[in-house]
Amino acid sequence: MEKVVADPRPAKQPWNKSSKLASFTGGRGFADATLITLAFLLAAVVFGLLLSVLWSVVSAGAGAMSPQFLYQNNRYISTTTSLDYGGVGHAILGTLWLVLLATMVALPLGLAIAVYLTQSQSKLRNLVRSITQALAGLPSVVSGLFVLSIISFLGAQKSGIFGALALFPLMLPTVARVAEEALRLVPADLRLAALGLGAPNYRAFFQVILPAAKSGIITALLLGLARVVGETAPLILTIQANNGTNLNPFDGGVATLPTYIYGFISAGYASSITRAWGASLVLLILVGILFITARLLTADKKKKKAKK
Amino acid sequence: MPKEAVRRKLGTGVLNRGDRLFFGITSAASYFAFILVALILVFLIAQAFPALKDQGLAFVYGSTWEVTPEKAVMQIGPMLYGSVLIALLGVLLATPMAIATAYLIVFILPKSPAKLATNLIDLLAALPSVIIGLWGVLVFTPIAQGWADFLHKNLGWIPLFATDKGTTSLNSSPFIAGWIVAVMIVPIITSVTREIFSQFDRELINGALALGATRWTVFRRVILPTASGGITGGVLLGLGRAIGETVAIYYVLQLSMKINFFQILEPRGGAIASWILSRFGEATEAEFHGLMAAGLVIFITTLVINLIANIIVNRAQPWRK
């Protein structure tokens, strides 16, 4: 009887044939190990840089921290004044206020654009998406120059409202893009089911899609905030510095954390640099609070879903 | 009925009043995006016009910037070139790091470290550029100077790493500015890439692995080709951000009107947005218009990059239509 002998050659694997690395070294393990090691190394560089930034800000900023640094303003403080006096209270309030003003316009508008892009049947959607994405690449300094040219056109004085206006075009595309992603992740069946039950489009949106996309919308808001909270160049161009607290957006200078940092780095003295680090730490904490809040909200929602 | 046809049909029905209002508001908001871009263009052109008329086309490619009360010569060639050089360096450094990070997060790491890594990357995206600039000039520059010395010492015969005679300290160079820009755009590219990776059909990958493909092969032949459109989109987003980056580069780069073509370790370079910032404080009337013209150039450059980016991205992701 003829014996069937198994072909001793390994089975051909068309996908491995293309892997030069694997065939070159003769081992598949080697290629895998290289890939994973390289990925870990490159990622380590990223996290190394990130941790270096965080550690520098925390360690150097801690030197400036004290209660009065958080609530006092910058009146009668020169670049060489001892760190026992003066602080960033005015700049914290100014930053929050300007960002809030910008958000009040950018969030509804961005959300409306996202809705238009996902819910309407308009033929212009691709064009709108392109223009929104193109706006996302708007350099912050250009936004500042744009508002500056408005100021010069109106013959107006620089003031807080113009700072907020300069932040708005930077925030809008981020909110619109992330909100669109969030709305897109809601299964189309949900919307079709709502429409099928006779709901008009707006109720389908507010009662079905929006709740389902809530965490994504919050992410959109937070990424938008993160995009503008530390923007420096537009504010340098459009608002005047102020050493005191001023929350009137139509009159006078407004202090913000980024412009405060910018000013004190430029001064260049040891104590002014420490103040800049301190203000950076405050800005970082601000961003951190926003972030953790957002993540906790998202986590809460997921937990509730799991319980059900 | 095919899905497309169903969708089209749903849109053609008679809308009730609530829906008409609903879609009216969202359309108006969307058209506002056009108006905003048009407004930016109109205002910038109006303010830039006196300078552009005065300087002619040499404004873009010339390399002199001398403003005196009698005469103003304003040209931004080296700054424009420098912006592009630094942005390319940044993208070149950031893209491998971003793809590696996204790959680890989505495919390799267990769930909770992956989540931590994602959060950290998002945090990096949120770091304000002024903080990166402060860190860049005080903490990173001394470190990167060491790297630059090493490159120059060992690879100095390559024109890319050569320096002028007499240059002793290799700080404030496009090399360092490129790293700073890379730090700022890594999160952008990572988050886009991660998004694309996480939408992968796991069965496709598991199938390839089960058939005997190595992880390397899966990465090279399955993951990268499928994701390349999205990655390109992320990279171009990063490029746009890099070209417009102002404050961080302002601190770490020695701005010079003497053009630096490719000597990335030489402590002089250009960045158009930083140039605007550096001249803005003491600008005269004529210079004010010149800086507006520089802003117009950045705006048009980034607008073109972004429009091209979108064409590529939209073509690469047909499911988005």
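Here are some questions and answers about how features of this predicted model get their labels.

Q: Where is B:Ser172, and what stands out about its phi?
A: B:Ser172 sits in the loop between helix H6 (129-155) and helix H7 (174-198) of chain B. Its phi is positive, about 55 degrees, although B:Ser172 is not a glycine.

Q: Which residues meet where H5(A) and H11(A) cross?
A: On the H5(A) side, they include A:Val99, A:Ala102, A:Ala106 and A:Gly110. On the H11(A) side, A:Ala220, A:Leu221, A:Gly224 and A:Leu225 are among them.

Q: How do you know that the largest nonpolar core lies between domain 1 and domain 2 of chain A?
A: That core has 192 residues, and A:Val175, B:Ile180 and B:Ile272 touch the most other members. Domain 1 (17-62) and domain 2 (67-307) of chain A both give residues to this core, so it lies between them.

Q: What is B:Ile272 in contact with, leaving aside its neighbours within four places in sequence?
A: The list is B:Ile76, B:Met79, B:Leu80, B:Ser83, B:Ala294, B:Val297 and B:Ile298. Each pair counts as a contact because the cut-off is C-beta atoms within 7 Å.

Q: How many residues of domain 1 and domain 2 of chain A are in contact, and what separates the domain centres?
A: Four residues of domain 1 are in contact with five residues of domain 2. Taken over C-alpha atoms, the two centres are 33 Å apart.

Q: What makes up chain B, and how much of it is buried?
A: Chain B has twelve helices and two strands, in the order α-α-α-β-β-α-α-α-α-α-α-α-α-α along the sequence. Of its 321 residues, 49% count as buried.

Methods. Residues numbered from 1 in each chain as written. Chains lettered and ligands numbered in written order. Predicted model: local features only at pLDDT ≥ 70, side-chain atom pairs only at ≥ 80, totals over all residues. Core = buried A, V, L, I, M, F, W, Y, C linked by C-beta atoms within 7 Å. Buried ≥ 20, exposed ≤ 12 C-beta atoms within 10 Å, placed from the backbone. Domains from an automatic or database assignment. Contact = placed C-beta atoms within 7 Å. Helix = DSSP H or I, 4+ residues; strand = E, 2+ residues; numbered from the N terminus.
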